[in-house]
Amino acid sequence: MTRDVDVLVIGAGFAGLRTLHTMRGMGRTVAVLEAGDGIGGVWYWNRYPGARCDVESYDYSYAFSEELQQEWRWSERYATQPEILRYVEHVADRFDLRRDVHLGRRMTRAEHDGSRWRVTTETGEEWSGRWLVMAVGNLSTTKAPELPGQESFAGEILHTARWPHEGRDLSGQRVGIIGTGSSGMQMTPVVAREAAHLTVFQRTPNFSVPAANAPIDDATDAEVKATYAQRREAARNSPSGLGFVPSRLSALDATPEERRATYEAAWKRLGFGFVLAYYDLILDQEANDTAADFIREKIGAQVANAETREKLMPRGFPFGTKRPSVDSDYYPTFNRDDVTLVDVRTDPIERVTPTGIATKNGHHDLDVIVLATGFDAMTGSLLRPEIVGRDGRTLREHWSAGPRTYLGLFVSGFPNLVIIAGPGSPSLLSNVLLSIEQHVDWLAELMEHVGDGTVEATPEAEDRWVAHVNERAAATLYPKARSYYMGDEIEGKPRVFMPYSGGVRGYRRILEQVVADGYDGLKL
Ligand code: N01
């Protein structure tokens, strides 16, 4: 038996739940299919010790309900994973969302039959919807390297993004962490405090700035809430969707003293926003060098041992072009006697043994191996199911040379298929919560406009958009780094810049213009 709805949403994270709330409010029938056994998306799965957001809580939260944003009380500047999950659960209950969320349903296939999307789940269920909204997240399909000998390991191998829900007591354990992206850097100090010994296996040292996390006091909370509308507006008009006004100055116009003062202030306060300390840090190598040198100096000052310090130095790519981390005491952790740093570029992992990891230069005894090795970013979860559009063409075929979209939302040949905050949109270069809400609101307007009609991007509009995304990226320093923005995280993945780097504000203007031009580029 097929269950028919108007809007079929895949994924019950922030994007899927917001889509459900809005589309239901428009009188549409909606069903959300979620692979996991709980809602929350990335915040349901990523439960590793120390997991927290690096966008400020007040910005990384829904803006659609004034009551919601006034009543919810965040406890810390950067919320932990359990607190964010509590927030998601609260939203689901407050807006009665759960009755349309179907858990434990992984979509394996979707095919457009000329008028509807026919969807099959891993459990063998069949669903159909006039609209198929992919709210699957950019960092949800995990990447776990196959290490030779790993089946022989007597201990446990865990992935940060599939952390056991009952938790793991690492006290007294010898732990190895492979990977030093945001997840690895975030968990390193936390695990070091618990474990008997921690070994960190690092391939590429990345730039990281301090989180400057802190509890939120009542006065701050009242102040933010009294001016929330202005904060949201500032975020909507910013390059990244963060709630502060970025600099319009060039790093190269400042004197060395002025620059240092700016960077010192950014270091103490901005976290991820450091990259906006001057407008040209991501555009100009010379400007970027001034920030990179400053950060390297700061990293160096935190590490006592000269050899370890050198191993931790990010070099060879501009600051910010590989997603920088935001850390709490990551670097001083390597001053502890019970923490070892292994540089796998000079001392590669050879194999996993029953008792640990053998590298070229020695053996590291371990009870637990943690893979903090990240994700098949941006396209992983969109290409994992088989999605078949008009004329039997699959999304995998259409995207064989990298993702192709119009506005990041639509794909030509795939009528009424919508991607929320995915490739071709600001997505991972933005506060993704803001980008999600922007997409859902825009889509709601489009749906009102077309009623029961069908929407599809024209091939010409898609070509134009792909060219524009590439052009914007080429004007930045992003292509200089090996990063998941460029598809470098997976061997054989096409090397193209996937998010849209024109900024949140610029992107919003484009979406507004498309509407003003009668939905230019879309066949309605
Ligand atoms: O994943 P990553 P992540 N052998 O891809 C290494 C968000 N997030 O889970 O750089 C050895 O960044 C890999 O090395 P290299 C945030 O957007 C946010 O940490 O490829 N090493 C890299 O060091 C973030 O960017 C928060 O050379 C291997 C690491 O594994 C994104 O999620 C917290 C390897 C993977 O880093 C993903 O972060 C957590 C191998 N075979 C996540 N394969 C916050 O809000 C991979 N690596 C703070």
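Two strands count as paired if DSSP finds at least two bridges between them. Keep that in mind for these close-ups, which come from a predicted model.

**View 1. Strand β9 pairs with strand β12.** Here β9 (residues 197-202) and β12 run in the parallel sense, and five bridges link them. Look for Q202, which has D343 of β12 standing opposite.

**View 2. Three strands form an open sheet.** Follow the order β13-β14-β15 and you will find antiparallel pairing. At the edges stand β13 (349-353) and β15 (362-365); each has a single partner strand, so one side of each lacks a neighbour in the sheet. On average, neighbouring strands here are turned by 20 degrees against each other, with direction ignored.

**View 3. Strand β14 meets strand β15.** Zooming in on this sheet, β14 (residues 356-359) and β15 run antiparallel and are joined by four bridges. I357 has H364 of β15 opposite. Strands of a sheet pair through backbone hydrogen bonds.

**View 4. Helix α1 crosses helix α13.** The axes of α1 (residues 14-25) and α13 (residues 432-450) come within 10 Å and cross at roughly 30 degrees. Angles under 35 degrees count as roughly parallel, which means that α1 is roughly parallel to α13. The crossing is right-handed. From α1, the contact includes F14, R18 and M23, while α13 brings residues including L433, E437 and M447. The residues of this contact divide into nine nonpolar, two polar and three charged.

Key. Residues are numbered from 1 along each chain as its sequence is written. This is a predicted model: local features need pLDDT of at least 70, side-chain atom pairs count only at pLDDT 80 or more; totals for chains, interfaces and linings use all residues. Side-chain values use heavy atoms; hydrogens and water are left out. Axes are lines fitted to C-alpha atoms, for helices over the stretch in contact, and angles run from 0 to 180 degrees between N-to-C directions. Helices (H or I, at least four residues) and strands (E, at least two) are DSSP runs, numbered from the N terminus. Angles under 35 degrees count as roughly parallel, over 145 as roughly antiparallel, 65 to 115 as roughly perpendicular and the rest as oblique. A crossing is left-handed if the near helix is turned anticlockwise from the far one by less than a right angle, and right-handed if clockwise. Contact means heavy atoms within 4.5 Å. Ala, Val, Leu, Ile, Met, Phe, Trp, Tyr, Cys and Pro count as nonpolar, Asp, Glu, Lys and Arg as charged, and the others, Gly among them, as polar.
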